[in-house]
Amino acid sequence: MSSYNFITESATGTETRINGKKYLYFAGTGYFQLNSHPEVIQAASEATLEFGIASATSRSISGTTPLLLEIEKSAAKFFDTEDAAYLPSGYLSNIAGLKALSDMDLYDVIFIDEGSHYCLTEGAMTVGKPIVSFKNRSLDDLRIKLEENLKPKQRPMIASDGMFPVWAKIAPLSDYLTLAEQYNGVIWIDDAHGVGILGENGKGSYEHAGLKSDRLYMGATLSKAFGAYGGIIPGKADFINRIKSGSVMTGSNAPMNAAVAAGIKGFELVKNNPMMREKLWENASYLKEGLKAIGIDTDDNSRPIVAFAPGDVANMTSIHQALMDEGIFIQFVKYRGSGSDGVLRIVVFSTHTRDQIDYLCHKLGSIELL
Ligand SMILES: Cc1ncc(COP(=O)(O)O)c(C=O)c1O
């Protein structure tokens, strides 16, 4: 399983051209297919024509464009926060966020879910405070680790993905928040996969869990549900000012104008079209019913990802290839949380039709290796 066995030769969507062939595509993270939405593409193109590729200087010098101000306003409006910071990537959002909270002296020790994304671990390492990892989504382990590692008056930062990318499990955020309150600490959520698709308004896993707290901080990406690119951190003005004056933002060029304009349009489309989210949830439930009917065990929820690991690498490679032979592309992926053999992973979009989902389930169900 090399990283670059598959070269994508078209925009990704329900149908995607890979290695010279068009596939029915159940992969990636373009949950609403906004990355190939005509209005998003038009916004990105117009921004490039008007402002060029990027301003070729950092924002703190003179690289801030009206588009950058606008996307931060859009994000603050979307998440209903005082302000927001837009960064070159979701990866960097996590590094910038953990550093800013450390500079604000809000925690002494970082407790990190061991299933969290690489960027959380790397962000934690840049801070220079003790790091303790706890078992994936395990409150019991977290409680023990808090007790064992915090000295009197020390405060924790509990850091975790909101929705874990491979298995689409959600972190027990409400319990994390309770524990953070108990120890006078904070929680940080990397909600790259949750924003846009979880919660009544798409604010992500904290909205899904019904949480609002001054102790809760988050960062996310616009490269998945929003069809764009770049990282976003919504929050209170003092925190956002820290992010904006921190090394990640002052030391980077202002992001590409096409990405910023795509993000503004992505926010607008997600905010104004809640039916996309409903359709996604509906499609996810429909997919899971179909997979259950052919004997694949799935969680009962409306999250748009199903991962399963039937057998060893050779068996999964054969299943993946058999589906490709039928014109269907799913993922055979090794990622944080997948285990060393990797998993087969199916992602459904709001734009898939029931016929397409039926076709996938029918073809998958007829593979004997399953
Ligand atoms: C959980 C998680 N966090 C962060 C990132 C990084 O986001 P970006 O691609 O915007 O750098 C990803 C992957 O894209 C991710 O899956």
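**Note on the predicted model**

1. The ligand is surrounded by 13 residues, and the closest are S89, G90, Y91, A192 and T221. By class, this shell holds 4 nonpolar, 7 polar and 2 charged residues.

2. Turning to the overall fold, the protein contains 14 helices and 13 strands. Its C-alpha trace spans about 60 × 55 × 35 Å along the principal axes.

3. The radius of gyration of the protein is 21 Å; a compact globule of 370 residues would have a value near 21 Å, so the two agree. Of the 370 residues, 50% count as buried.

4. Contacts may also be considered by separation in sequence. Among those between residues at least 6 apart, 72% join residues at least 24 apart.

5. The domain assignment divides the protein into domain 1, given as 15-30 + 274-365, and domain 2, given as 38-272. The C-alpha centres of domain 1 and domain 2 lie 27 Å apart.

6. How many residues does each domain bring to the contact? Domain 1 contributes 14 residues, and domain 2 contributes 14 residues. On the side of domain 1 that touches domain 2, at least two residues each come from α12 (274-293), β10 (305-308) and β13 (343-347). The residues on that side of domain 1 comprise 6 nonpolar, 4 polar and 4 charged.

Definitions and conventions
Residues numbered from 1 in each chain as written. Predicted model: local features only at pLDDT ≥ 70, side-chain atom pairs only at ≥ 80, totals over all residues. Helix = DSSP H or I, 4+ residues; strand = E, 2+ residues; numbered from the N terminus. Rg over C-alpha atoms; globule rule 2.2 N^0.38 Å. Buried ≥ 20, exposed ≤ 12 C-beta atoms within 10 Å, placed from the backbone. Contact = placed C-beta atoms within 7 Å. Near = placed C-beta within 6 Å. Nonpolar A, V, L, I, M, F, W, Y, C, P; charged D, E, K, R; others polar. Domains from an automatic or database assignment.
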